[in-house]
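This report covers charges placed over rings, aromatic pairs and the surroundings of the ligand, in that order.

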Amino acid sequence: MALNSKIAAALLVFLSLVTAAQSPSGLKDAYKNSFLIGTALNRAHIYGEDARGVALIKQNFNAISPENALKWESIHPQLHRYDFEAADRYVKFGVANHMFIVGHTLVWHNQTPAWVFQDGKGKPLSRDKLLRRMRDHVHKVVGRYKGRIDGWDVVNEAFEEDGTLRQSKWMKIIGEDYITKAFQYAHEGDPKAELYYNEYNLEKPAKRRGVIELIRKLKAQGVQVSAVGLQEHDGLDWPSLEEVDATISDLAELGVKVNITELDINVLPQATSGVTAEVTAKAEARPNLNPYADGLPDSVQQELAKRYAGLFGVFLKHRGVISRVSFWGLADGDSWLNNWPVRGRTNYPLLFDRQGKPKPAYDAVINVALGQATQP
Ligand code: GLA
């Protein structure tokens with residue numbers, strides 16, 4: 001009898017260990033043998049005002065990106081004024097929690113103040129002066145976090161949809177070598193940091209070709225590029241899993257890593273004429289563009305779960321070249337997609353709902369890691 005109960009007790013311990021091994025305590029644990037799992041921190045996370053969110057972040061993520069805290073307008077609002085308060089806290093949070101810390105972003109056409117491109121009289125700067133300004137900013141910001149920020153989105157969104165370089169002020173004033181220069185300055189700022197080119201819509205063949213050419217050129221010039229970041233601001237139907245798969249394969253052939261950097265899935269009707277992630281795009285509010293203001297129907301909830309499972313199946317397939325999969329935000333209520341491109345909609349793009357509860361999509365993503373979901 002005594003022996004039987006000892007055996008039974010041992011069996012129970014064994015079973016609970018097996019169950020614990022099979023049910024990971026968070027997303028990062030589920031994917032620990034494949035890639036890092038990241039999220040983007042907003043101000044309330046950085047300042048610890050969203051305690052529930054912070055707890056979820058610590059439990060589920062081992063990589064962080066700053067949603068806005070390190071963009072030029074936040075960190076360097078005026079010529080002679082840097083403001084590192086939020087950025088310092090962001091980095092401190094990552095260091096304290098042993099997370100992979102991403103810097104986002106150094107050179108971009110948005111959220112960069114107008115003064116950056118002008119002289120004291122409001123006239124466009126010369127190429128040399130703008131290069132010097134870029135260099136000073138990049139050296140200062142990258143240098144400040146040397147050895148703590150692990151990887152930088154050096155240039156963000158330099159291409160048009162047709163694969164030509166975007167005619168941004170960087171491009172118009174400096175010319176196309178502004179990209180090379182940005183990478184060189186970042187490398188000087190922290191020679192050990194990973195350096196990324198970050199972009200959306202690379203599933204579009206023309207845009208992908210443009211970026212592939214760029215990375216080839218940079219590598220031929222001896223410029224260090226660690227990875228291409230695929231933002232993956234996706235929809236329920238676009239891009240197809242085949243397109244995502246092909247995009248990752250094509251980029252991996254360049255001999256760089258491919259990171260998923262801003263993943264979210266828009267479940268609302270498309271409000272712009274084409275698929276885009278250009279943050280300045282705007283569209284009028286209309287009731288038919290906001291169909292789930294009172295809650296997400298179960299059918300769409302399931303569709304979202306299936307869509308996430310499909311994408312993670314593709315990411316897992318490419319785990320040899322993918323170092324990190326980062327979501328753009330934590331919970332549905334936090335997402336930029338509630339206010340873009342139409343203000344005041346109710347969107348459901350992430351894995352946690354407005355109360356911070358894991359959604360069916362969360363379980364679906366965990367199940368893919370456990371090999372329990374149908375792989376595409
Ligand atoms: C782009 C940028 C991000 C963010 C998102 C939308 O993808 O890279 O910094 O602004 O748009 O929030």
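Lys207 sits over the face of Tyr200, 3.7 Å from the ring centre. Arg354 likewise lies over the face of Tyr348, at 5.0 Å from the ring centre. A charge counts as over a ring if NZ of Lys or CZ of Arg is within 6 Å of the ring centre and within 35 degrees of the ring normal.

The model is predicted, and local features need pLDDT of at least 70, side-chain atom pairs count only at pLDDT 80 or more, while totals for chains, interfaces and linings use all residues. Residues are numbered from 1 along each chain as its sequence is written, and side-chain values use heavy atoms, with hydrogens and water left out.

The structure holds 14 aromatic pairs. Rings of Phe, Tyr and Trp (its six-membered ring) pair if their centres lie within 6.5 Å; planes under 30 degrees apart are stacked, over 60 edge-to-face, and the rest tilted. Tyr308 and Phe327 make a tilted pair, with 5.9 Å centre to centre and 45° between the planes. This pair links distant parts of the chain, 19 residues apart: Tyr308 belongs to helix α12 (residues 298–317) and Phe327 to strand β9 (residues 324–327). Helices (H or I, at least four residues) and strands (E, at least two) are DSSP runs, numbered from the N terminus. One aromatic cluster is formed by Tyr31, Phe35, Phe61, Tyr308, Phe312, Phe315 and Phe327.

Around the ligand are Lys71, His104, Trp108, Gln111, Asn156, Glu157, Gln231, His233, Glu262, Val279, Trp328 and Trp336, a residue being near if one of its heavy atoms lies within 4 Å.

| Residue | Distance to a ligand oxygen atom |
|---|---|
| His104 | 2.5 Å |
| Glu157 | 3.4 Å |
| Gln231 | 2.8 Å |

The protein covers 96% of the 310 Å² of accessible area that the ligand has on its own (Shrake-Rupley method, 1.4 Å probe).

His233, in strand β7 (residues 233–235), is buried, with a relative accessible area of 14%. Its side chain makes a polar contact of 2.6 Å with that of Glu262 and another of 2.9 Å with that of Asp264. A polar contact is a pair of N or O atoms within 3.5 Å; within protein, one must be able to donate a hydrogen and the other to accept it, and residues adjacent in sequence count only if both atoms are side-chain atoms.

Note on methods: Buried means under 20% relative accessible area, exposed over 50%, partly exposed in between (1.4 Å probe, protein chains only).
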